[in-house]
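Please examine the sequence and the structure shown below before reading this report. The sections that follow may be checked against them one at a time.

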Amino acid sequence: VSAHAQEAASPGQVIVFSIPMEKDNPSYRYYELLYIEAFSRLGYEFRLVSYPVKRSLVAADQGDTDGDTGRVVEIKQGGKYQNVVLVPEPIAIFETGIYAREGDETFQGWDDLDQFRGTSLLIGHARGYRIAEIKLPKHVDPENIFHTSDAEQSCRMLGAGRLDYVIEPTKQMDAFLAQGVC
């Protein structure tokens, strides 16, 4: 969680946080319910709005929203976002999984992806999925990384054979698999 450094809100006021995920993401509802409950206990109303990754943090920094949540920690105090204060307490911990079109390989960590260097295998992930954007280029050749618009598109492309692997949040992908999306 990061919050805009401003005057304290008064009870009854609506607190607005931005989040860098779509409303149909199962995690969105988790954050929304969590914050509604927490802020209501303090006497505030709460609203969560969906913004693209960079815009979400900029909105908090500029005071357009009261805070930003649901992201990989990437804020450094005294850095680019002068009006954002990092609250160093995790709200949730999500697992990331790698899903294969075929095979039953087991992966224990990011270093296991080093085997894909020099291959023609295509590995996809949703644009804005920060942990994949940060870690994947350290283990896979750039030409083998494909950015999709969202996790559902990753799932569909995997199912259609257009991607060999996808890296996405397990909760989201498991829901898509259960629904037969991919």
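## Overall fold

The structure is a predicted model. The protein chain contains five helices and nine strands, and their order along the sequence is β-β-α-β-α-β-β-β-β-α-β-α-β-α. Along its principal axes, the C-alpha trace spans about 55 × 35 × 25 Å.

Of the 182 residues in the protein chain, 39% count as buried. Among contacts with a separation of 6 or more, 64% come from residues 24 or more positions apart.

Helix H1 covers residues 26-41, which gives 16 residues. From its first C-alpha to its last it reaches 24 Å, close to the 22 Å expected at 1.5 Å a residue. Just after H1, Gly43 adopts a positive phi of about 90°.

Which residues of H1 are buried? They are Ser27, Tyr28, Tyr31, Glu32, Tyr35 and Phe39. These residues lie on the same side of H1, because they cover an arc of only 135° around the axis. The covering of the buried residues of H1 includes strand E2 (14-19) and strand E3 (45-50).

The largest nonpolar core has twelve residues: Phe107, Trp110, Leu113, Phe116, Ile123, Tyr129, Ala132, Leu136, Val140, Ile145, Tyr165 and Ile167. Leu113 illustrates how residues meet in this part of the model. Leaving aside residues up to four places away in sequence, Leu113 touches Ile98, Phe107, Leu136, His139, Val140 and Ile167.

Another core, of eleven residues, lies apart from the largest one; among its members are Phe17, Tyr31, Tyr35 and Phe46. In soluble globular proteins, nonpolar side chains tend to be buried together.

## Aromatic rings

A pair of aromatic rings is described by the distance of the centres and the angle of the planes. The model contains eleven aromatic pairs. In one of them, Phe39 and Phe46 are stacked, with 5.4 Å from centre to centre and 5° between the planes. Phe39 counts as buried because its relative accessibility is 16%, under the cut-off of 20%. Phe46 has a relative accessible area of 12% and is therefore buried. Phe107 and Tyr165 form an edge-to-face pair, because their ring centres are 6.1 Å apart and their planes stand at 90°.

The pair of Phe107 and Tyr165 links distant parts of the chain, 58 residues apart. Phe107 lies in the loop between strand E6 (96-100) and strand E7 (123-126), whereas Tyr165 belongs to strand E9 (residues 165-169). Both Phe107 and Tyr165 are buried. Elsewhere, Phe17, Tyr35, Phe39, Tyr44 and Phe46 form one aromatic cluster.

## Ser56, a buried serine

Ser56 is located in helix H2 (residues 53-62). Is Ser56 buried or exposed? Ser56 counts as buried, because its relative accessibility is 0%.

With which side chain does the side chain of Ser56 make a polar contact? The partner is the side chain of Ser18, at 2.8 Å. When residues up to four places away in sequence are not counted, Ser56 touches Ser18, Ile19, Pro20, Tyr51, Asp68 and Arg71.

Terms used
Residues numbered from 1 in each chain as written. Predicted model: local features only at pLDDT ≥ 70, side-chain atom pairs only at ≥ 80, totals over all residues. Heavy atoms only, no water. Helix = DSSP H or I, 4+ residues; strand = E, 2+ residues; numbered from the N terminus. Expected span 1.5 Å × (residues − 1). Buried < 20%, exposed > 50% of the residue type's maximum accessible area, 1.4 Å probe, protein only. Arc of directions from axis to C-beta. Contact = heavy atoms within 4.5 Å. Core = buried A, V, L, I, M, F, W, Y, C linked by side-chain atoms within 4.5 Å. Polar contact = N/O pair within 3.5 Å; in protein donor to acceptor, adjacent residues only side chain to side chain. Phe/Tyr/Trp six-rings, centres within 6.5 Å; stacked < 30°, edge-to-face > 60°.
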